[in-house]
Amino acid sequence: MRAVTLYAVVDVDKCKGCTRCERVCPVLAIKVENKKAVVDPENCLGCANCEQRCPEMAITMAHLEQSRVVQESLAGVDMAAVNDLCRKAHLHPKQIICYCTATRAGEVAAAVLKGAKSPEEISRRTGVRTGCKVECIQPVLRLLHAAGIAPERPAGGYQWYGLTPTVWDIPEEVKKKYAQRGFYFDEDRKLLDSLVETGERREINVARTD
Amino acid sequence: MLRAPIKPLPPRRSQYGVAPELVRKRAAELPDMVSVLVRDLFPDAAPVIYPGENGLEVIREATRKQMEKVDLSMIKPGDPVNVLGSHHGFTLLGGAPYAEMLRTIRDVVRERTGCTDIRLRVGVGLRFRESEEYIKAFGLDEYYEGKAAGVAPVDEGVAIETEIGTLYGIKKIYDARWIIHAHNSDVREVHFHRQVDRAVKPFGMSYARIETRSTYHQNLGPRAANFVARAIFDSPFVQEKFACAVFLMMSPSGVVGVDADNDLYALNDRVTYLGCRDYGKMMTLLGEIDEAITILDFPSPVPYVFAAGVIFANFAGANRDLFDLDDPLPPYTWYTEAFYGEDGRPLIEGVPPVNPAIKVVIHNYAWGGYPSAFFTEHIPTIVVGREQAELLDRDPQNLSYTKHTLLAEDLDTAVRFAKQVAGTDKILAFDGASGALNVSRSLGEYLLQKAPLVSRRVDGELLPKWLKQRGIDPSRIKIC
């Protein structure tokens, strides 16, 4: 769940229209028009990426008069499909994937199943990627990939570049090469698998109880 | 022996913390506080060169001396060179020694190569302007003739092909013919990197894009994570640019030297060995504490406040041996955090609890800019001062931090209440006191009593195990 309490405000006298803000906004809520940045207050989640990267210090964060909450509802979503998507992405539906908003994999999976086709859309629906703006891009991309979606990068943007390797992809020769240097690939894979398997067992138990 | 409290590191003016004038009282000023020197706890602790009577000059001399053994002949006068730094270095002893090392590197490169296009690029973590603040505070932009810049993981990226696949670096880090890796050996986030390839880590963090950092914290697991750094460093893209590494060598007592090498892995082995040896004792000792009120009192985010070179996040996991790679999951890492369900209970068996010896945390002075709600969800926490609570409430990374905290008007009130509910008078301050722990008298006496046993255990049992797990043969380590 993401509580939205702030929004970005542009000082047009300082703004030089460099588009840096536009390139780093995780929800595409700021755009340069006529050489000045313009904020879309409906979509701005107050993450402050634009404020933090503006080279002219032209952006400040202001308090919203009325805060709002961003969260994808799981109501009416096929939970079996949510669980299945998480499993394909090697995630437990209840595990946290965004440490700033405590958003769990199941909620992001639900957003995907309800039609979100890009990290930007997922962020607008769930609030992920709008806290630290750094750590949760990969599970988001993994869930989209597991759903068979290949999202398009925002044109010219730095929001994200692509999916990266996981512990399930490490080649055997790499594991062998570094086995004596303190990297525990197979053991960590086992640990992460055990988490996913726990989720699966829980589903089976719930089904039996039903 | 117990001594008068050592002056803590002063508050720093930053957009990520409250104004220094709002930090009205420090933990060291509380009645009954004393100081225990690292050297009194562990008489065999390595001697420090800084702080010392000759000030920063020793850092300059040590950097010059160490760089003499480094080959810089590959750098031609017309080549652009990026000296790569990290914000972490500026959190060590106030930042001056690291800044001095960065200045000296520039001077040596210029003198020996004739190169004039020397830039400073300083990476950050989750506070994207923090490096800019340090560059300004230490006059580094002037020193680097207007060529110093802070870079952030959301800045323009560059794809790097590695032996495990494509990872991403920050374009501005690599936009020169040569790079010089200027870092430090402070162990710091041992819960994340597990002292495996510590010296290589910035290639997967401070110099890396969000995709790579997310790979580290979400895709690989708690003991395989730091491989992203090695994968990037070993890539042809980076190898073609790498000139050398220069490190400020740290211990819980202070700066023990400077090290430099063209071979990062040789330096890495020395960093691994010294980190396990010097920080291993202090962390093991903190793990012996049976109960304590912990006061955060340092200009850094919650997990990064320092006591005798050890960060609070390490104390939060000190109920387990963070160096022991047979133990898969520390009590605090982001993997651990992910493994807790909505009801606050672990999703799987075997998730270790946050150090139960920490009875209460008093947040007297610590910054935002790092997701820290995990700590307030697991440890009773009192925030001192309404301004500080408001700062955290505004922070996009800490929107729920104060949902689980109490608010006290001042430090004295917070300590009085904490003692009452915790039933202990043992206090440990994470306040950056140099080469010492500022603690209550009762805890000071306790630590002095425990230290000799810890020292023997680390030397005889733990250190050999830690080094073996990392493939380090101590007989082959030559300390510079």
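In this report, helices are DSSP runs of H or I with at least four residues, numbered from the N terminus. Keep in mind as you browse that the model is predicted.

**A bent helix in chain B**

With that definition in hand, look just past the end of α16(B): Gly471(B) takes a positive phi of about 70° there. The helix itself, residues 441-469 of chain B, bends by about 50° at Val458(B). Val458(B) is also one of the buried residues of α16(B), a set that includes Leu447(B), Ala451(B), Val454(B) and Trp466(B). What lies over these buried residues? Among the covering elements of chain B are α10 (264-287), β10 (292-301), β16 (427-430) and β17 (436-440).

**A six-stranded sheet**

Chain B also holds an open sheet of six strands, in the order β4-β3-β2-β7-β8-β9, with mixed pairing. Its edges are β4 (148-150) and β9 (254-261) of chain B, each of which pairs on one side only. From one strand to the next, the twist averages 20°.

| Helix of chain B | Strands touched | Angle between directions |
|---|---|---|
| α2(B) (residues 57-68) | β8(B) (242-251), β9(B) | about 25° with β9(B) |
| α10(B) | β7(B) (178-184), β8(B), β9(B) | about 10° with β8(B) |

**Where the chains meet**

Turning to the two chains together, 54 residues of chain B are in contact with 53 residues of chain A. On the chain B side, the elements that give two or more residues are β5 (157-162), β6 (165-170), α7 (210-219) and α12 (334-338) of chain B. Which of them gives the largest share? That is α7(B), with nine residues. By class, this side of chain B has 26 nonpolar, 15 polar and 13 charged residues.

**A helix pair in chain A**

In chain A, helices α3 (residues 79-88) and α4 (residues 105-113) pack at an angle of about 110°, and their axes are 9 Å apart. Angles of 65 to 115 degrees count as roughly perpendicular, so α3(A) and α4(A) are roughly perpendicular to each other. From α3(A), the contact is made by Ala81(A), Val82(A), Leu85(A) and Cys86(A), while α4(A) supplies residues including Ala109(A), Val112(A) and Leu113(A). The contact residues divide into nine nonpolar, one polar and no charged.

Notes
Residues numbered from 1 in each chain as written. Chains lettered and ligands numbered in written order. Predicted model: local features only at pLDDT ≥ 70, side-chain atom pairs only at ≥ 80, totals over all residues. Bend = angle between axes of the 7 residues up to and from the residue. Buried ≥ 20, exposed ≤ 12 C-beta atoms within 10 Å, placed from the backbone. Contact = placed C-beta atoms within 7 Å. Pairing = 2+ DSSP bridges. Axes fitted to C-alpha atoms, helices over the stretch in contact; angles between N-to-C directions. Nonpolar A, V, L, I, M, F, W, Y, C, P; charged D, E, K, R; others polar. Parallel < 35°, antiparallel > 145°, perpendicular 65-115°, else oblique.
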